[in-house]
Amino acid sequence: MKVEQDLHMSRGDGETSYAANSRLQEKAILRTRPLLQNAVGEVLQASLSHSGHGKMVVADLGCSSGPNTLLVVSQVLGAVANCNCGEQPTTGVQFFLNDLPGNDFNLVFQSLELFRKITEKEFGEALPPYYIAGLPGSFYTRLFPDRSVSLFHSSYCLMWRSKIPDEIAKGVVLNVGNMYIWETTPSSVVKLYQKQFKEDFSLFLKLRYDELVSGGQMVLTFLGRKNKGVLRGEVSYMWGLLAQALQSLVQEGRVEEEKLNTFNLPFYSPSMDEVKAVVRQSELFDISHIQLFESNWDPQDDMDDDDVTLDSVRSGINVARCIRAVLEPLIARHFGRCIVDDLFDMYAQNVARHLEQVKTKYPVIVLSLKARR
Ligand SMILES: C[S@@+](CC[C@H](N)C(=O)[O-])C[C@H]1O[C@@H](n2cnc3c(N)ncnc32)[C@H](O)[C@@H]1O
């Protein structure tokens, strides 16, 4: 698997698309809105005091396609419109919407005309001039010239690795029966995933630091881990239940065992300590805020403080829809399209059984970073 070529969410806006199944990620964008608003306000003030004009370049990294993409843009525009920046007008906001080349950018572009009408109505005179451009490319490469971006935002993306660690991809070490770290994963595999996370996240910080203007900031939200034990991370359960569904298909003779053993996710959900350690080692950013919050697996279940799943069958179906929208392209490419419906039906049942026992939640890490310069 080549992440840059193969990773993308399910395209279009049909029943199984990411656009129609991204409420989980929407909830994180809404929850972290105060941090984003705060960062926009500070970056705008810094721009006004340094250069006398409130020109901002904002990039959303891993924007995907669907309502969430423009929700982020709308939140930034709202923050600029409501910013108490004295009499000085904002000259304009340039947005760059970044994702990997396989992303459905057309769906985003097609919704821009309607979005413009909605923002004009919502913000009226306070709406700053704004411009939107798509930017295909990996955020593990340089995307912008030196010192040209005011604010980076990224939500539900940085748990994706730039690649599957080489030794795992080449089959030098195997993670038999799994697709991610799970109870039976050998420690050699765990170490390789951890090393990949450290390399990727350090590189990401270095690249963004060079691209940020003086006073520039980042607001980053991604899946993390609350459990200290890496073999039983909360997200590991979610992938573990999908691997179980694949194992059932192996037993039925519909999937070759070797296919399962060679399917590995380019993914790692770190603990807060792991995140803080990489930021500190980089010596490039100050952490102005870091927090871990929890979100129910079922995107439709808004009872985040509750420990009981009221309708586990319904929740299983909802979770399976959400995960299918993220993973179907990778699954179909590796195993073939013909297993997809049955796989996610089985997965829904596995999730339902799990949620009856314990209401596991996603740990989500959000952090605000200020460039040190
Ligand atoms: C779960 S989606 C989140 C999308 C959106 N931010 C949201 O909150 O709904 C994760 C996105 O990250 C993108 N992504 C993953 N790795 C990436 C990389 N190296 N460079 C750019 N985008 C990446 C994926 O293609 C996908 O669209």
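User: How much space lies in the largest pocket?

Analyst: The model is a predicted one. Among the 42 residues that line its largest pocket, L7, M9, Y156, C157 and W160 are the closest to the centre. Two or more lining residues come from each of α1, α2 (23-31), α4, β2, α9 and α12 (312-335). The space in this largest pocket is about 640 Å³.

User: Which strand of the protein chain has the highest confidence?

Analyst: Over the protein chain the mean pLDDT is 91, and 98% of the residues reach 70 or more. Where pLDDT is low, predicted coordinates should not be read in detail. Confidence is lowest in helix α1 (residues 3-6), with a mean of 82. It is highest, at 97, in strand β4 (residues 149-155).

User: Is Y156 buried or exposed?

Analyst: Y156 belongs to the loop between β4 and α7 (166-169). Its phi is positive, near 60°, although Y156 is a residue other than glycine. The relative accessibility of Y156 is 8%, and the limit for a buried residue is under 20%, so Y156 counts as buried.

User: Where does S64 lie, and what is its phi?

Analyst: S64 is located in the loop between β1 and α4. With a relative accessibility of 5%, S64 counts as buried. S64 is not a glycine, yet its phi is positive, at about 55°.

User: How much space lies in the largest cavity, and which residues line it?

Analyst: The structure holds 1 cavity of 30 Å³ or more. At least two lining residues of the largest cavity come from each of β1 (55-61), α4 (67-81) and β2 (92-99). About 30 Å³ of space lies in this cavity, and its lining consists of V58, A59, D60, V72, V73, V76, F95 and L97.

User: Which residues have the most contacts inside the largest nonpolar core?

Analyst: The largest nonpolar core has 126 residues. L327 is one of those with the most contacts inside the core; leaving aside residues up to four places away in sequence, L327 touches W160, M179, W239, L242 and L265.

User: Which side chain forms a polar contact of 2.8 Å with that of N350?

Analyst: N350 is part of helix α13 (residues 340-357). Its relative accessible area is 10%, so N350 is buried. Apart from residues up to four places away in sequence, N350 touches L241, Q244 and A245. The side chain that makes the 2.8 Å polar contact with N350 is that of R353.

User: Is K226 buried, exposed or partly exposed?

Analyst: K226 lies in the loop between β5 (212-223) and α9 (234-251). A buried residue is under 20% and an exposed one over 50%. Because its relative accessibility is 46%, K226 counts as partly exposed.

User: Which residue joins K226 through a polar contact of 3.3 Å between side chains?

Analyst: Not counting residues up to four places away in sequence, K226 touches E234, L292, E294 and P363. One of these forms the polar contact of 3.3 Å with the side chain of K226, namely E294.

User: What separates the C-alpha atoms of K226 and S49?

Analyst: Along the chain, K226 and S49 are 177 residues apart.

How values were computed. Residues are numbered from 1 along each chain as its sequence is written. This is a predicted model: local features need pLDDT of at least 70, side-chain atom pairs count only at pLDDT 80 or more; totals for chains, interfaces and linings use all residues. Side-chain values use heavy atoms; hydrogens and water are left out. Helices (H or I, at least four residues) and strands (E, at least two) are DSSP runs, numbered from the N terminus. Buried means under 20% relative accessible area, exposed over 50%, partly exposed in between (1.4 Å probe, protein chains only). A polar contact is a pair of N or O atoms within 3.5 Å; within protein, one must be able to donate a hydrogen and the other to accept it, and residues adjacent in sequence count only if both atoms are side-chain atoms. Contact means heavy atoms within 4.5 Å. A nonpolar core is a set of buried Ala, Val, Leu, Ile, Met, Phe, Trp, Tyr and Cys residues joined through side-chain atoms within 4.5 Å. pLDDT is the predictor's confidence in each residue, from 0 to 100. On a 1 Å grid over the protein atoms alone, a cavity is a set of points where a 1.4 Å probe fits but cannot get out, and a pocket is an open set with protein on both sides within 12 Å along at least five of seven lines; lining residues have an atom within 4 Å of a point. Grid points are joined across faces, edges and corners, and a volume is the space filled by probe spheres set on the points.
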